[in-house]
Amino acid sequence: MIEMKASPPESGPPAARPKRYVDPLRAQWRRELRAARDALADRTQRETQLLARVSALVGRWLQAHPSRIAALPVIDGELLRFAPWSPGTALVSGPFDVQIPDTEQRIDPQLLLIPCVGIDRLRYRLGYGGGYYDRTLAAMSPRPITVGVGFDCARIETIDPKPHDLRLDVAMTESGAW
């Protein structure tokens, strides 16, 4: 687990979006945590373990109620919307060259898997810096169950949560969940 300390805020614009506050310390943590992830000598093995853990959770969740369906996130302005997905669904390239379902249909998810660059012991997440999940979750009612997903090397003591940071219901890495 990496221990990181908080620093005073500064501002700066993210690329290709309106000016928004960028915490330089969080930007540094993102760089360090991504570098640690990229340097994993056994990353393929860890990805396999994490995928198995996530797949088991999603499989159980979907099978527990026949009306449940899987979906993928689609950027819609400053928020995420969710398009239904199943194996075989046609995908197209969306914003940031992410593959998204080729449909205009949107659903309100009951469970969200959320990527994490960092996850602290209280299940606060350090994301990729775009703020999409924070803004989307703040606007959702009812709020879905949130599961943060990352590698063990993403575990940090604290992200020094701010008022806009939302606590995850579950955090999951290749070695377990909390």
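Student: Which strands make up the open sheet of 4 strands, and in what order?

Tutor: First, a word on the model: it is predicted, so local features need pLDDT of at least 70, side-chain atom pairs count only at pLDDT 80 or more, and totals for chains, interfaces and linings use all residues. Residues are numbered from 1 along each chain as its sequence is written, and side-chain values use heavy atoms, leaving out hydrogens and water. Strands of a sheet pair through backbone hydrogen bonds, either parallel or antiparallel. Here the order is E5-E8-E10-E11, with mixed pairing. The labels are DSSP runs numbered from the N terminus: helices (H or I) have at least four residues, strands (E) at least two. Two strands pair if DSSP finds at least two bridges between them.

Student: Which are the edge strands?

Tutor: E5 and E11, since each pairs on one side only.

Student: How many bridges join E5 to E8?

Tutor: There are 5, and the two strands run parallel. As an example, Leu113 has Val147 in E8 as its bridge partner. E8 is also joined to E10 (residues 170-173), by 3 bridges and again in parallel; there, Gly148 stands opposite Ala171.

Student: In which sense do E10 and E11 pair?

Tutor: Antiparallel, over 2 bridges. Met172 has Ala177 in E11 as its bridge partner, and a hairpin of 2 residues links E10 to E11.

Student: Which helix lies across E5, E8, E10 and E11?

Tutor: That's H2 (residues 43-63), running at about 140° to E10. For such angles, axes are lines fitted to C-alpha atoms, for helices over the stretch in contact, and the angle runs from 0 to 180 degrees between N-to-C directions.

Student: Leu62 is found in H2. Is Leu62 buried, exposed or partly exposed?

Tutor: Buried means under 20% relative accessible area, exposed over 50%, and partly exposed in between, using a 1.4 Å probe and protein chains only. Leu62 is partly exposed because its relative accessible area is 25%. Leaving out residues up to four places away in sequence, Leu62 touches Arg68, Ile69 and Ala70, where contact means heavy atoms within 4.5 Å.

Student: What are the buried residues of H3?

Tutor: In general, an α-helix has 3.6 residues a turn, so residues three or four places apart point the same way. In H3 (residues 132-139), the buried ones are Tyr132, Tyr133, Asp134, Thr136 and Leu137. They pack against E1, E2, E5, E7 and E8.

Student: Where is Asp165 found?

Tutor: In the loop between E9 (155-156) and E10. Asp165 counts as buried because its relative accessibility is 8%.

Student: What does the side chain of Asp165 reach at 2.7 Å?

Tutor: The backbone nitrogen of Lys162. The side chain of Asp165 also makes a polar contact with the side chain of His164, at 3.5 Å. A polar contact is a pair of N or O atoms within 3.5 Å; within protein, one must be able to donate a hydrogen and the other to accept it, and residues adjacent in sequence count only if both atoms are side-chain atoms.
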